[in-house]
Amino acid sequence: MKIRVEHGDFEENELVLRCKELDEEMLELLAVLRERSAKLTGYKDGEAYLVQPGDVLFAEAVDGKTFLYTADTVMESRQSLFALQEAYGEIGLLRISKSQLCNLHHVAKLKSLPNSRIEIALDNGERLIVSRRYIQDLEERLGMAD
């Protein structure tokens, strides 16, 4: 891949991606760019906070509310898990159960459990369970599928 940067008196910054085909390398590059420019809004103690999607370790729905978990705080989101997955799925958020999304960029290790489930250990030590229904999606996203 060739990278060229032009400096000049432009009205605004512009990024042009030229490629013969939109292959895996280009898709990963686009995902990184989208992650860096996207922001989630989380609410805590009556205040709104802007959060990088990459900082979210996982999201969880509890009693009709959606919560975002980062390394140091928990915030409420006004978006549903479905909306979060649609908006940020390509940059790492993956549904692992009916009530949880996991950020694949924070997965440290996986462990097989009885009853065809998988335990995910996140890089902060938090542990999540992948239900049977979502194991195939996880394996495909991590390149583990046969």
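**Notes on strands, helices and charged pairs**

1. Glu 6 is exposed, with a relative accessible area of 51% (exposed is over 50%, buried under 20%, partly exposed in between, with a 1.4 Å probe and protein chains only). Its salt-bridge partner is Arg 4, with 3.2 Å between the closest N and O atoms (a salt bridge puts a side-chain nitrogen of Lys or Arg within 4 Å of a carboxyl oxygen of Asp or Glu). Arg 4 is exposed too, at a relative accessible area of 60%.

2. A word on the basis: this is a predicted model, in which local features need pLDDT of at least 70 and side-chain atom pairs count only at pLDDT 80 or more, while totals for chains, interfaces and linings use all residues. Residues are numbered from 1 along each chain as its sequence is written, and side-chain values use heavy atoms, leaving out hydrogens and water.

3. The salt-bridge count comes to 2. Besides the pair described above, Arg 127 forms a salt bridge with Glu 119, the closest N and O atoms being 3.4 Å apart.

4. If you are thinking about cysteines, a search of the whole structure finds 0 disulfides (pairs of cysteine sulfur atoms within 2.5 Å). Cys 19 is partly exposed at 35% relative accessibility. Cys 102, by contrast, is buried, and its relative accessible area is 0%.

5. Cys 102 brings us to strand E7 (residues 100-103) (strands, E, of at least two residues and helices, H or I, of at least four are DSSP runs numbered from the N terminus).

6. Which strands pair with E7? Strand E3 (residues 58-62) does so in the antiparallel sense, over 3 bridges (pairing needs at least two DSSP bridges between the strands). In that pairing, Glu 60 stands opposite Gln 100 of E7. Strand E6 (residues 93-97) is also antiparallel to E7, over 4 bridges, and Leu 93 stands opposite Asn 103 of E7. E6 and E7 form a hairpin, with 2 residues between them.

7. Now to strand E5, where Met 75 is found. Met 75 counts as buried, at 5% relative accessibility. Among the residues that Met 75 touches are Gly 42, Tyr 43, Tyr 49, Val 51, Phe 67 and Leu 68, when residues up to four places away in sequence are not counted (contact means heavy atoms within 4.5 Å). Met 75 and Leu 40 are 35 residues apart in sequence and 11 Å apart in space, C-alpha to C-alpha.

8. Ser 77 also belongs to E5, which spans residues 74-77. Ser 77 counts as buried at 5% relative accessibility. What does the side chain of Ser 77 reach? It reaches the backbone nitrogen of Gln 79, at 3.0 Å. Not counting residues up to four places away in sequence, Ser 77 touches Thr 41, Thr 66, Leu 68 and Leu 84.

9. Leu 84 turns up again in helix H2 (residues 81-88), whose buried residues are Leu 81, Leu 84 and Tyr 88. These residues cover an arc of only 60° around the axis, which puts them on the same side of H2 (the arc is that of the directions from the helix axis to the C-beta atoms). Phe 82 and Glu 86 are exposed on the face of H2 turned away from its buried side. The cover over the buried residues includes strand E1 (40-44), E3, strand E4 (65-69), E5, E6 and E7.

10. Helix H3 (residues 132-141) has Tyr 134, Ile 135 and Leu 138 as its buried residues. Seen down the axis of H3, they fall within an arc of 125°, so they line one face of the helix. Arg 133 and Gln 136 are exposed on the other side of H3. Among the elements covering the buried residues are E6, strand E8 (107-113), strand E9 (117-122) and strand E10 (127-130). Just after H3, Gly 143 takes a positive phi of about 70°.

Note on methods: A polar contact is a pair of N or O atoms within 3.5 Å; within protein, one must be able to donate a hydrogen and the other to accept it, and residues adjacent in sequence count only if both atoms are side-chain atoms.
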